[in-house]
Amino acid sequence: MEILEEIAAEIEKGDPASVPALTEKALSQDISAQDILNKGLVAGMDTISERFKKGEIFIPEVLIAAKAMKAGMEIIKPLLAESKVEAKGKVVIGTVKGDLHDIGKNIVAMLLEGSGYEVIDLGNDVPKEKFLEQVEKERANVLGMSALLTTTMTYMREVIESLEKAGLKQKVKVIIGGAPLTYSFAEQIKADGYAPDAASAVDLVKDLLNQ
Amino acid sequence: MENKYRLNIPRLNVLARDQLEQIHLSTLEVLRRTGVAVKEPKAVEILKKGGCYVKAERVRFPSNLVERALRNTPPRIGMCDRSGQPAMFLEENNVYFGTGSDTPNVVDPYTGKRRTSVLKDIENVSRVVDFLDEISFVMCSGIASDVNPKISDVYHFEAMVNHTEKPIVFTAWNLENLKTIISLAEAVAGGEEKLKNSPFVALYTEPISPLTLAEESTQKLMFMAEKSLPVVFTPAVITGATGPVTLAGGLIQGNAEILAGYVLANLINEGAPFIYGGGVTSMDMATSTLCYASAEFMLATSALTDLARYYRLPMFSFAGCSDSNTYDQQASLEGALWTLLSSLNGGNLVHDVGYINNGLTTSFEQLVVSNDVIGLVRRICSGIEVNEETMTLDLIDEIGPGGEYLTSDHTLRHFKENWYPELISRVPYDRWEKEDKKDLGTKARDRAKYILENHTPQPLEKKLKAELRKIAESRDR
Ligand code: B12
């Protein structure tokens, strides 16, 4: 099991270069992909998120760790699929139509990815058709929408209404975020959750998918 | 126009001549080598005709083209008040302060609570700006949540122009709305020509970092250039997020974005009234909030002011803004540091006075306290007069060792030249304790309420006001 601790340690150090080789090594020791995922990659990222929340480390350090985690994921992904291990969950995310603010959304996407979720980032200025299409095609568990403008946040309601019409609303948890949004706005438009920052966005997804 | 707006002490530089050259030449290099993505096809066409290298939406700028355009910079942009009288000469070392725009929240001056902003707040800010001596122009401050959001920008403009005579810097959601707002402004000025000759409005629009001229903001820039009306083109480079984390790199990237817009405006209309500025700020990597008052933001703004001077373009700068979530000690100290620095640098159109909560909330307290701070800073920037009357050699000799100056005619003649605050307190402890024991924040709120209850700005003519309502209404579908 030492090797798994080593993987976790490399992720904490934020070294994307060393993680793939260690992952291969673990596989050659007959450790299952699932154990590598949970006891190595995810374990490393859990420590990172804890330290970030405590203010011990900063965003760029979290993101480089997430990159390291992703490098390991790439290797075990096909094996996980083969052994039919349920992935942690799939998130489709984007900034809504008319809105070009994407920094916050990017941070949320990267942290989710770093926590082991598969993330499909649709970028910014995303129309509802595209959200719907991707949610359906990817069988996403979570749809994340970001908006920083009072003029564009109302578009989220339209997206949720289209999801309802298409019969997809029950199949996907909708979460929203962005500086001018609030919990009560999320409730109003029937979103499943709101998070004021990236770390709580990860917790939110965890909670929603555990329900 | 009063001389008080002028910086009368040596301007503070943060970039040495050689550093300016390096940043300028590196900017040319970025524009030539990397280029800029231009998402508006008409702009791409104009830039291509003007001599840029174009491959799909990527536009690369030959350095001589940029240099040639920079020879046409307007050394002065004059802005008028609502009645067409000159109000601001945006030029080297003239410093004017104004509010910011579009905060989703406001601290209600009556309840002291933060809430979503409404149209009434924008009217109120405009009235307070109209009253305050040291605030020279208005931006809408809040974003109205109680009107049709598709045209809230039009409502903002109408609210401002109805409640202050001071020049207006405005934002517009898109080209259509911009056209509506300009038709309102033209109605007020008395026609297209009059607005062009005596503009009392400037548009705020921006490139999208890194290195992108987005479709809508570029359309707005082009429209203003065609109309020969003042336009502010200001990026938000967030170092480490939308630009390099080191300030020199951030400045070069931001400068490239601004100059790309400038070249475009200049190709459309040589000498177009283009206002330089920005927007090179940092992100707090612990909380991921965008800083409105970090040391790096202040330093980078000063550096951009140096660049503006180098190009002889007016500078859109920052002051009176804060990251604090409430109006408190932090808000006033950050606001004051900004005000001092932007003045020492000689920024011209200095905005965001009244912002707290990193641009998400407007505070009336911050606005009225800043008015005092600006007064104080203006006194510093007015410098020291050195002449026979002020050096007082005869007086010193006459009074000599051990005398006093309180009763001299010279003191009587000149003591009023010292600056006196309105809110900042200098009363002795005992009197303060006996009178009211109010701190600055409490006095600031009282002051804001006093202005709101007592100041009536010069209204627009009834007919004109109705005409504006009609134009705005026709868009409210
Ligand atoms: C940077 C910035 C820009 C940049 C954006 C660059 C980019 N690539 O994103 C530029 C310069 C392009 C820009 C443009 C405009 N902007 Co702007 N901008 C900002 C600014 C200063 C910071 C935003 C930011 O990046 N913050 C840092 C990130 C990390 O924080 P965040 O986005 O809030 O994200 C965090 C949380 O909200 C949450 N989160 C975010 N998304 C999601 C999604 C999910 C699913 C979840 C769970 C959580 C979550 O987690 C994130 C990380 O902790 C804000 C002011 C502010 N303090 O917010 C104004 C601001 C948002 N902009 C504003 C305005 C008005 C505009 C313009 C309309 C200006 C104009 N008239 O031209 C244009 C619009 C362009 C467009 N069509 O989108 C207003 C919005 C007012 C409103 N409510 O409508 C603001 C508040 C500033 C102001 N007072 O004027 N802007």
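1. Let's start where the chains meet: 15 residues of chain B are in contact with eleven residues of chain A, contact being heavy atoms within 4.5 Å. Bear in mind that this is a predicted model, where local features need pLDDT of at least 70 and side-chain atom pairs count only at pLDDT 80 or more, while totals for chains, interfaces and linings use all residues. Residues are numbered from 1 along each chain as its sequence is written, chains are lettered from A and ligands numbered from 1 in the order in which they are written, and side-chain values use heavy atoms, with hydrogens and water left out.

2. About 1100 Å² is buried between chain B and chain A, and carbon and sulfur atoms give 81% of that. Buried area here is the accessible area (1.4 Å probe) that two parts lose on being put together, summed over both. On the chain B side, B:Pro149, B:Met285 and B:Ala286 supply 37% of the area buried against chain A, more than any other three residues.

3. What about charges and polar pairs across the chains? There are zero salt bridges between chain B and chain A; a salt bridge is a side-chain nitrogen of Lys or Arg within 4 Å of a carboxyl oxygen of Asp or Glu. One residue pair is in polar contact, both at pLDDT 80 or more. (A polar contact is a pair of N or O atoms within 3.5 Å; within protein, one must be able to donate a hydrogen and the other to accept it, and residues adjacent in sequence count only if both atoms are side-chain atoms.) By class, the side of chain B touching chain A has twelve nonpolar, three polar and no charged residues. Ala, Val, Leu, Ile, Met, Phe, Trp, Tyr, Cys and Pro count as nonpolar, Asp, Glu, Lys and Arg as charged, and the others, Gly among them, as polar.

4. Over all chains, the count is 32 salt bridges. One of them pairs A:Glu113 with A:Lys70 at 3.7 Å, N to O. A:Glu113 lies in helix 5 (residues 103-114) and A:Lys70 in helix 4 (residues 59-82) of chain A, so the pair ties together parts 43 residues apart in sequence. Helices (H or I, at least four residues) and strands (E, at least two) are DSSP runs, numbered from the N terminus.

5. In chain B, the side chains of B:Glu158 and B:Arg469 form a salt bridge at 2.8 Å, N to O. This one links helix 5 (residues 152-163) to helix 18 (residues 462-474), 311 residues apart. B:Glu158 is buried at 7% relative accessible area, whereas B:Arg469 is partly exposed at 28%. The cut-offs: buried is under 20% relative accessible area, exposed over 50%, partly exposed in between (1.4 Å probe, protein chains only).

6. Have a look at B:Arg309, in helix 10 (residues 295-311) of chain B. B:Arg309 is buried yet has no salt bridge, and the nearest side chain of opposite charge, B:Glu92, is 4.7 Å away. For charge, Lys and Arg count as positive and Asp and Glu as negative; His and the chain ends are not counted. Not counting residues up to four places away in sequence, B:Arg309 touches several residues, including B:Arg11, B:Glu91 and B:Glu92.

7. Last, B:Pro230 sits in the loop between helix 8 (215-227) and strand 13 (231-233) of chain B, and is buried at 1% relative accessibility.
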